[in-house]
Amino acid sequence: MNFLKTLVNHRFISATFWMFVATGISNVGNYLFHLLMIVMMSSPKIFGELESAIALLYILYVPLMTLSLVIIKFVSVAKGKGDDIAVASLYHYFNKRLLIGGAGLTLLIILLSPVISSFLHFSSLMMVVFL
């Protein structure tokens, strides 16, 4: 009984449990979303377009999350040293480059939208632009 109490009060075990619960809730939400979309979509082709758009967003999400973790690492190291000037410097450094990179990526996606749209079999070019 004492071991169980220690386990419940352990910070890592508690955090892992809540992460597990949150992941489960997220998965149930995703399942319900897809189930609802299947019912609401008028044809399998439109549902296929939705799934292609979601897959494309997942592909874009991976490098963005990696970049986010890199930024968090550098800011955490600087904040841990108490160097607020370095944190502000990192903010301006990444903000400037991400703004330029984001604008360039947006322009590239707009220019390549006919190719992306035909590859993913979208019925409209605007679907790519809205992503």
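Begin by selecting Phe17, which is partly exposed at a relative accessible area of 46%; here buried means under 20% relative accessible area, exposed over 50% and partly exposed in between, with a 1.4 Å probe and protein chains only. This is a predicted model, in which local features need pLDDT of at least 70 and side-chain atom pairs count only at pLDDT 80 or more, while totals for chains, interfaces and linings use all residues. Residues are numbered from 1 along each chain as its sequence is written, and side-chain values use heavy atoms, with hydrogens and water left out.

**Aromatic pairs**

Rings of Phe, Tyr and Trp (its six-membered ring) pair if their centres lie within 6.5 Å; planes under 30 degrees apart count as stacked, over 60 as edge-to-face and the rest as tilted. Phe17 and Trp18 form an edge-to-face pair, with 5.1 Å from centre to centre and 70 degrees between the planes.

Select Tyr93 and Phe94 next. Their ring centres are 5.2 Å apart and their planes stand at 80 degrees, so this pair is edge-to-face. Tyr93 is partly exposed at 42% relative accessibility, whereas Phe94 is buried, with a relative accessible area of 14%.

**A charge over a ring**

Move to Lys73 and Phe74. Lys73 lies over the face of Phe74, at 4.7 Å from the ring centre. A charge sits over a ring if NZ of Lys or CZ of Arg is within 6 Å of the ring centre and within 35 degrees of the ring normal.

**The packing of H2 and H3**

Now display helix H2 (residues 11–40) together with helix H3 (residues 44–80). Helices (H or I, at least four residues) are DSSP runs, numbered from the N terminus. The two helices pack at an angle of about 150 degrees, with their axes 10 Å apart. Axes are lines fitted to C-alpha atoms, for helices over the stretch in contact, and angles run from 0 to 180 degrees between N-to-C directions. H2 and H3 are therefore roughly antiparallel to each other, a term for angles over 145 degrees.

Which residues of H2 and H3 meet? On the H2 side, select Phe33, His34, Met37 and Ile38; on the H3 side, select Phe47, Leu50, Glu51 and Ile54. Contact means heavy atoms within 4.5 Å. The residues of this contact divide into 6 nonpolar, 1 polar and 1 charged. In this division, Ala, Val, Leu, Ile, Met, Phe, Trp, Tyr, Cys and Pro count as nonpolar, Asp, Glu, Lys and Arg as charged, and the others, Gly among them, as polar.

**Helix H5**

Proceed to helix H5 (residues 113–119) and select Ser117 within it. Is Ser117 buried or exposed? At 5% relative accessibility, Ser117 counts as buried. With neighbours within four places in sequence left aside, Ser117 is in contact with Phe122, Ser124, Leu125 and Val128.

Ser113 also belongs to helix H5. Ser113 is buried at 5% relative accessibility. Not counting residues up to four places away in sequence, Ser113 touches Leu125, Val128 and Val129.

Complete the view of H5 with Ile116, which is placed in that helix. Ile116 is partly exposed, with a relative accessible area of 22%. Leaving aside neighbours within four places in sequence, its contacts are Leu56, Ile109 and Val128. Ile116 and Val128 are 12 residues apart along the chain, and their C-alpha atoms are separated by 7.1 Å.

**The loop and helix H6**

Select His121, in the loop between H5 and helix H6 (126–130). His121 is exposed, with a relative accessible area of 59%. The phi of His121 is near 60 degrees, a positive value in a residue other than glycine.

Continue to Met127 in helix H6. Met127 is partly exposed at a relative accessible area of 27%. With neighbours within four places in sequence left aside, Met127 is in contact with Glu49, Ala53 and Phe122. A distance label from Met127 to Ala103 gives 18 Å between C-alpha atoms, for residues 24 apart along the chain.

**Last stop: helix H4**

Finish at Leu108 in helix H4 (residues 84–111). Leu108 is partly exposed, with a relative accessible area of 45%. Leu108 and Ile59 are 49 residues apart in sequence and 16 Å apart in space, C-alpha to C-alpha.

Definitions and conventions:
Angles under 35 degrees count as roughly parallel, over 145 as roughly antiparallel, 65 to 115 as roughly perpendicular and the rest as oblique.
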